[in-house]
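Please read these points with the sequence and the structure open beside you. They follow a few elements in turn.

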Amino acid sequence: MATKVLPQPERAEIRVEAVLQALGEPVRLTIVRALADQPAGVACGEIELPVTASTRAHHLKILREAGVLSTHTDGTRRISILRRDDLEALYPGLLTGVLSAKQ
């Protein structure tokens with residue numbers, strides 16, 4: 001099966017207000033923290049979250065549309081990867097600060 005990248009903003013289109021809004025929700029922050037430890041990405045369902053599958057998909061979509069993560073298909077699975085390089089290039093230190101904050 002062919003890999004398909006889901007729609008997401010180009011680096012130049014990522015806006016800090018969208019990133020901050022996306023990161024300001026606890027479930028989405030949990031997703032970002034999980035992805036930070038997995039540079040090759042993680043399948044959607046492999047991140048343990050206290051929400052339904054549809055709510056999980058919604059949170060992943062918000063993060064992707066804000067430019068925080070990239071998602072591609074691998075067969076029937078959707079693999080999400082943190083866009084660490086893009087975020088660091090645009091907003092140096094932002095992601096590091098967010099990830100190092102107390103939980």
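Predicted model: local features only at pLDDT ≥ 70, side-chain atom pairs only at ≥ 80, totals over all residues.

1. The partner of β2 is strand β3, residues 77-82; the two pair in the antiparallel sense over 6 bridges. One of the bridge partners to look up is that of Ser70, which is Ile81 in β3. Between the strands of this hairpin lie 2 residues, and Gly75 takes a positive phi near 70 degrees there.

2. Leu82 belongs to the largest nonpolar core, which has 24 residues. Ile31, Val32, Leu35, Leu63 and Val68 join Leu82 as the residues with the most contacts inside this core. At least two core residues come from each of α1 (16-23), α2 (26-36), α3 and α5 (94-100). The largest share, 6 residues, is supplied by α2.

3. What does Leu82 touch, once neighbours within four places in sequence are left aside? Its contacts are Val32, Leu35, Ala36, Val68, Leu69 and Leu95.

4. Arg56 sits in helix α3, residues 53-66. Is Arg56 buried or exposed? Its relative accessible area is 13%, and because buried means under 20%, Arg56 counts as buried.

5. With neighbours within four places in sequence left aside, Arg56 is in contact with Cys44, Gly45, Ile47, Leu49 and Val51. As for Leu35, its C-alpha atom is separated from that of Arg56 by 14 Å, and the two residues are 21 residues apart along the chain.

Definitions and conventions
Residues numbered from 1 in each chain as written. Heavy atoms only, no water. Helix = DSSP H or I, 4+ residues; strand = E, 2+ residues; numbered from the N terminus. Buried < 20%, exposed > 50% of the residue type's maximum accessible area, 1.4 Å probe, protein only. Contact = heavy atoms within 4.5 Å. Core = buried A, V, L, I, M, F, W, Y, C linked by side-chain atoms within 4.5 Å. Pairing = 2+ DSSP bridges.
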